[in-house]
Amino acid sequence: MVSRDTHWWHKEEDRIVCDLCPRQCRLRDGQRGFCFVRANQGDQMVLTTYGKSTGFCIDPIEKKPLNHFLPGTPILSFGTAGCNLGCKFCQNWSISKSREVEILSAEASPEAIVAAAKEHGCSSIAFTYNDPIIWAEYAIDVAKLARQEGIKTVAVSAGYITPEARRDFFPHLDAANIDLKAFTDEFYRSLAFARIDPVLDTLKWLKHESQVWFEITNLVIPTKNDSSEEIGRLVDWVLENLGPDVPLHFTAFHPDFKMQDLPRTPAETLQRARQQAIDSGIHYAYVGNVLDLERQSTYCPSCGNLVIERNHYELGKFDVLDSKCGSCNAPIAGVFAGQRGDWGRKRLPISIPTHTKHPEMIQNHTTKERKDFSEEDGRMLLGLADRCIRAALDDQPPPNFKHPLEDAMVVGVFVSLKRGSQVLRSCCGSLNEKKPAALKQLLMSAAKRAAVGDERFPRIDKRELPHLDLEVSVMHDLRDMPTDPNQRLASITIGRHGLIISHPKGRGLLLPQVAAEREWDAPTFLEQVCRKANLPTNTWLQPEASLKQFSATIFDRKADARDIDFRELSQEIHDAAFDYANAVLADGTGPSDIPSELSMQVPRAGWGMLIQVDRKRAEAAFHDRGPLSNMISAITREIYRPDAENKITNFLVFSHHVPLDPRDFPDRLKLIQPGQAVTVRNGGRTTISLKQGNANPLLKALKQSGNSPETWAKSNLDVGLHLGVNWMKSSNVSSVESPKQQASPPDTRPTAVAGRFYPGTEAEVKQELDQYYRSYLSEDKQSVRAIMLPHAGWKYCGDIIAETLGQIEIPDLVVILGPKHTPLGPRWSVSNSRHWQIPGAKIPVDEESASYLAANIDPLVRDSLAHQKEHGIEVLLPHLHHLNPNIRIAPIVVGSGTLKEFQEIGDVLNSFRKRIESDGEKVLFIISSDLNHFAEDAENRRLDKLALDAFVSGDTERLFHTCTKENISMCGMRPAVAVLSSLDLHVDKGKPEIDVVRYETSARVSGDPSKVVGYAGALIT
């Protein structure tokens, strides 16, 4: 292929101007545009990636995501290089931002692409991975040929295109997913280097001037575009300009590219956004990048009937007939072709006749290998693997095998057994690097080892086979990777390539589907293959590391009997189960009306439930088909006591039951993972032990049941491992599971936000603090018991911190309570590092105080992970150390909890303060908290006043309920409730002495009043 002349440009003097996208790049001869792939060559605009693709994969259409366009059908996906946006959060950056992918891409003509889609039975072709607008000529040529063959085409795009190009591009397509990245121009300018208006214009044009079916995706990024106010404005615009029938997908962000300092999007945020859309009148709203069966399914907007059930990308119930609801005959918006497809969630990388350009990407062998396998071949291979597995489990010889494929030469074969979408039970295989080998021998060996030889997992039991997915991966195209790290990154196509690393200190291999299923990017894939080899994660950068890549044809067969997995059930079912259990415990009988959510029949899968009451009494039962309500009733009526409060402290669900074999002890049972549980059933008694810390739950369960490994081997004990332990609901999770001490805490907690939230060097920190305290250091300092400080970047609130701290005496001992911003670590934790690093100093953690608080506040635990990336405490420490270099700290972060729980923390803090003061020392409690987040300035100030008025009143119940009822996102509200409770500042004990030193919003610094955060400093005496 060669570069191709293009449309959509014009000449201006010594430059040519690109008219394809709103950037309108002005290029001299030899220059490339922002997208990197459109260039001025001899005063002509050319597309340098015409006919060059970074890889091909057959996906479920739902992955685009398109939920209303040919549901359940396979779509052939491909992309090229480059992009006309500069998103700092790009999750395909190894392709879209690469300057090497263009060189390393394989060639594929439009004719070859359409022929491949037809051969593999694909209903459509997707232009994706990078934005097809920048390679519009290539996409249009493919679309024209596809339409002739009756194959649809889809663009996955940001919609950043000029009106004239838009009129030429989209009419050739059948569907599109438009990525509406946010709903402020400021977001587009600062985080995507673009503008929002052209995208909105594209959406309106698609709706009112085209026949293209389209859906909208909004990647919800914590603190950047996730506020209720912004989601509300986006939804209102869609309703006003596009109508209620355009599907909206709210998808989860994961840290990537240049935005790795933010947490993943909480599922609750996506659920809130979806509910906002539905409540406003959007007919079809979904969550994405998370497992949520209920919120990824489609419901009739007229009668509410479930019409398309989705489990990740796999369809269940399908009740759409002639584009209408099967229950009420109301129209369902979309493009439906009779019955649903049955592609499922498979990802199948394929090869299209290509050749590569890079000299280092060469074959290691010359023996002719088999690369193409039909669906019929796949069924035969899966059948043979299944027979080999069953023979190995019965200790029988492998079955006879006669088939034309038996002598086919392949690079390697792997056989995998999986339990649901999350749990790997075994994966074994062989790879011949020097030359291909016979398929028959490789497959039979891999299947036998997968059945009985994978020492990483407990032995597979025949009773488990109906619940296991089977996967056969046939490997081909083994190649050396480039030696240059950048070229290594660029050569990887996620979902198409597997990786092998060989190093003097270790060797590791990962199959292509591993990266695709976990949605890794190329750097993460390389780091993980290093981890697989027990090597440092940066080993792939070293010249002595040899790296190879390969492709694989993957066949899979789903399990006959599906486990129940409570992670996939809706929050409504969880809440209904918990409420029903409480209702039964109230009087021992329960309500006569059983919630419909609990009448669902559960498959025979060996799952169970444990309910613990009052931290003393617990009861468990294991299920054998039937509705959820039966299980709950059986347990709660056993545990009910008429003379007790019967308050549930823990509500656990066990799933994915695996019978354990005493022959596996001890080696194959050393790797039981956190969040798994061992059950020992001996007669009518069941003992349950959860994995905690480094302790072996098997030994603990055996001991508690009066047994040992030796007696287990000689008895008929029913010992099982539950691969899934799910917290449906709990008011006190630590009493069963959470360890009180982390095994190996880091000695020093390193800085996490130095250089971003505040200066990164000792000299810069000192200079800025000196400036603050020249203005704000008071000579007449007060002695206070507690303060509240904001914790944003110093440019926003450093002066507020200084003005507040400058008025008080800082004692040597400081307890800081901050909110938990990240999902890392346990819900509540006090740091178990010995020191906290700040630029130029290490601040000691007061071990005695931290241990006392952890021992007396349940469920507070000693933990370092929850503090690893938190900023709420760290940004305050340089100020405190500047004013008192002798400080010792007890850093605490707390997540969710009830009003009563935080009042109980206050009781412990009160006792702790009195204990410290009795020894002649003082302690200062610090609440780390910003106020409301991301409303317009006037509204933010209104909400902040409500919160501050409640705070100043000292009434913890008023503060808690004001913030929750008014949806005020005061992130340290719960730490404030705890600290206020500790000081006995209640409205019935006189007016509390709480003084707000200063209040501001971020608008004074940013100049943007459209989306602000509130900050305040306060003294509490």
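**Strands and helices of a predicted model**

Biologist: In which sense do strand β28 (residues 497-503) and β30 run, parallel or antiparallel?
Modeller: Six bridges join β28 to β30, and two strands pair if DSSP finds at least two bridges between them. Within this pairing, Ile500 has Lys548 of β30 as its bridge partner. The direction in which β28 and β30 run is antiparallel.

Biologist: What pLDDT do local features need in this model?
Modeller: Residues are numbered from 1 along each chain as its sequence is written, and side-chain values use heavy atoms, with hydrogens and water left out. The model is predicted: totals for chains, interfaces and linings use all residues, side-chain atom pairs count only at pLDDT 80 or more, and local features need pLDDT of at least 70.

Biologist: How many strands does the secondary structure of the protein chain have?
Modeller: Helices (H or I, at least four residues) and strands (E, at least two) are DSSP runs, numbered from the N terminus. The protein chain has 27 helices, and its number of strands is 50.

Biologist: How many of the 12 residues of strand β30 (residues 546-557) are buried?
Modeller: Buried means under 20% relative accessible area, exposed over 50% and partly exposed in between, with a 1.4 Å probe and protein chains only. Strand β30 is largely enclosed by the rest of the structure, because its count of buried residues is nine.

Biologist: Which residue in β30 is the bridge partner of His476?
Modeller: Strand β27 (residues 468-480) pairs with β30 over nine bridges, in the antiparallel sense. Within β30, the residue bridged to His476 is Ser551.

Biologist: Is His467 buried or exposed?
Modeller: His467 is in the loop between α11 and β27. Its C-alpha atom is separated by 7.7 Å from that of Gly420, 47 residues apart along the chain. Since its relative accessibility is 10%, His467 counts as buried.

Biologist: At roughly what angle do the axes of helix α10 (residues 375-393) and helix α11 (residues 439-452) cross?
Modeller: Axes are lines fitted to C-alpha atoms, for helices over the stretch in contact, and angles run from 0 to 180 degrees between N-to-C directions. The axes of α10 and α11 come within 8 Å, and their crossing angle is roughly 45 degrees.

Biologist: What does that make α10 in relation to α11?
Modeller: Angles under 35 degrees count as roughly parallel, over 145 as roughly antiparallel, 65 to 115 as roughly perpendicular and the rest as oblique. The relation of α10 to α11 is therefore oblique.
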